[in-house]
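Trainee: I would like to learn how to read helix packing and charged pairs in a model such as this one. Could we go through it feature by feature?

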Amino acid sequence: MGGGDGIDATRRGWQLTMLLWGVLASLLFAATFFNTRERIAPPPRQRTRVRDDIGDLAGNRPSMVLFFLALIIMVSIALRTTTAAYYFKYVVGRPDLLASFLPAYMAAAAAGAALTPVLTRLADKKTLMMVLMSLTALLSAAFFFVGPEQITAMYALQVALGLVLGPKSPLAFSMYADSAHYNEWRNGRRATAITFAAATFSQKLGTALALAVIGAVFTKLGYVPNAAQSGGSQAGIDWLMSIIPAMFALLAVAVMFFYNLDSARLRQVQADLAARKAPL
């Protein structure tokens with residue numbers, strides 16, 4: 001698509017490909033927007049401004065914790081996903097493996113997501129999220145000790161990471177809904193839309209930060225595309241696949257300590273809201 005061979009053609013090919021996907025995505029988003037109709041009307045007396053919703057969000061501790069949690073987790077995931085192409089090309093010397101390495105993670109993540117209802121019966125959401133991110137940190141760090149010839153170990157860790165991170169998304173989205181309940185209980189307004197919009201924004205921001213981290217590490221260590229890498233550059237790729245994502249996963253665990261909407265408090269919030277809405 002870049003119209004030739006060489007680095008410049010490859011760069012242009014990537015730019016044009018991303019432009020194409022961007023245009024297609026924009027058209028799909030526009031089609032979704034113009035064909036969506038709101039079916040649930042707010043209470044007649046509820047009149048809020050966007051500024052009020054943002055204020056509610058900023059003052060909602062569970063929502064703010066989840067905002068930073070989503071950002072940090074996305075940094076950890078995007079670091080490994082993006083670096084994998086460089087890892088298999090320059091460290092393992094098998095770029096062909098990427099075609100099965102990433103789908104292995106996605107399949108395992110789907111299986112892990114399906115186990116979420118079972119896992120939430122064993123532990124509350126806060127505890128479960130902390131356990132999952134602790135395991136993510138452990139498995140990511142373990143990748144640092146896998147040699148370039150240990151292909152089976154790479155795939156085993158990749159599948160294990162998918163299983164561990166799979167429940168993260170359904171668990172986090174249920175926690176966003178809980179934080180909207182908490183906002184309604186606290187302020188009399190749900191602000192559901194802005195809660196989920198903030199979550200989506202934090203995920204996009206996390207992806208952008210991950211790419212910035214990768215670019216900074218590559219620049220610092222002298223990465224040269226399509227050439228044999230120096231020892232420092234190869235070490236940087238190893239760290240981006242293992243230790244650095246593990247550090248962000250541990251940061252996610254630390255952030256969850258500030259989440260104050262545990263199971264007991266959530267039950268109280270739900271009971272109070274049900275009592276308010278009960279007919280007199």
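Trainee: At what angle do helix α3 and helix α7 pack, and how far apart are their axes?

Mentor: Bear in mind throughout that this is a predicted model. Helix α3 (residues 61–91) and helix α7 (residues 151–165) pack at an angle of about 160°, and their axes lie 13 Å apart. Because angles over 145 degrees count as roughly antiparallel, α3 is described as roughly antiparallel to α7. The handedness of the crossing of α3 and α7 is left-handed.

Trainee: Which residues make the contact of α3 with α7, and how do they divide by class?

Mentor: From α3 the contact draws on Ile-77, Arg-80, Tyr-87 and Phe-88, while α7 contributes Met-154, Gln-158, Leu-161 and Leu-165. Sorted by class, the residues of this contact of α3 with α7 comprise 6 nonpolar, 1 polar and 1 charged.

Trainee: Turning to helix α8 and helix α9, how closely do their axes come and at what angle do they cross?

Mentor: The axes of helix α8 (residues 168–187) and helix α9 (residues 192–221) come within 9 Å, with a crossing angle of roughly 140°. That angle makes α8 oblique to α9, and α8 passes α9 in a right-handed crossing. On the α8 side the contact is made by Phe-173, Tyr-176, Ala-177, Ser-179 and Ala-180, and on the α9 side by Thr-192, Thr-195, Phe-196, Ala-199 and Gln-203. By class, the contact of α8 with α9 has 6 nonpolar and 4 polar residues, with no charged residues.

Trainee: How should I approach charged side chains, and how many salt bridges does a search of the whole structure find?

Mentor: The general idea is that side chains of opposite charge can pair when their charged atoms come close. A search of the whole structure finds 2 salt bridges. In one of them, the side chains of Asp-178 and Lys-125 meet at 2.7 Å, N to O. This pair links distant parts of the chain, with Asp-178 in helix α8 and Lys-125 in helix α6 (residues 125–142), 53 residues apart. Asp-178 is buried, with a relative accessible area of 6%, whereas Lys-125, at 24% relative accessibility, counts as partly exposed.

Trainee: Which side chains meet in a salt bridge at 2.9 Å?

Mentor: That salt bridge joins the side chains of Arg-94 and Asp-96, again taken N to O. Arg-94 is partly exposed, with a relative accessible area of 35%, and Asp-96, at 48% relative accessibility, likewise counts as partly exposed.

Trainee: Finally, how many helices and strands does the secondary structure of the chain come to?

Mentor: The chain comes to 12 helices and 0 strands, and its C-alpha trace spans about 75 × 40 × 30 Å along the principal axes. Of the 280 residues of the chain, 38% count as buried. Among contacts between residues at least 6 apart in sequence, 79% join residues at least 24 apart.

Methods
Residues numbered from 1 in each chain as written. Predicted model: local features only at pLDDT ≥ 70, side-chain atom pairs only at ≥ 80, totals over all residues. Heavy atoms only, no water. Axes fitted to C-alpha atoms, helices over the stretch in contact; angles between N-to-C directions. Helix = DSSP H or I, 4+ residues; strand = E, 2+ residues; numbered from the N terminus. Parallel < 35°, antiparallel > 145°, perpendicular 65-115°, else oblique. Left-handed = near helix turned anticlockwise from the far one by under 90°. Contact = heavy atoms within 4.5 Å. Nonpolar A, V, L, I, M, F, W, Y, C, P; charged D, E, K, R; others polar. Salt bridge = Lys/Arg side-chain N within 4 Å of Asp/Glu carboxyl O. Buried < 20%, exposed > 50% of the residue type's maximum accessible area, 1.4 Å probe, protein only.
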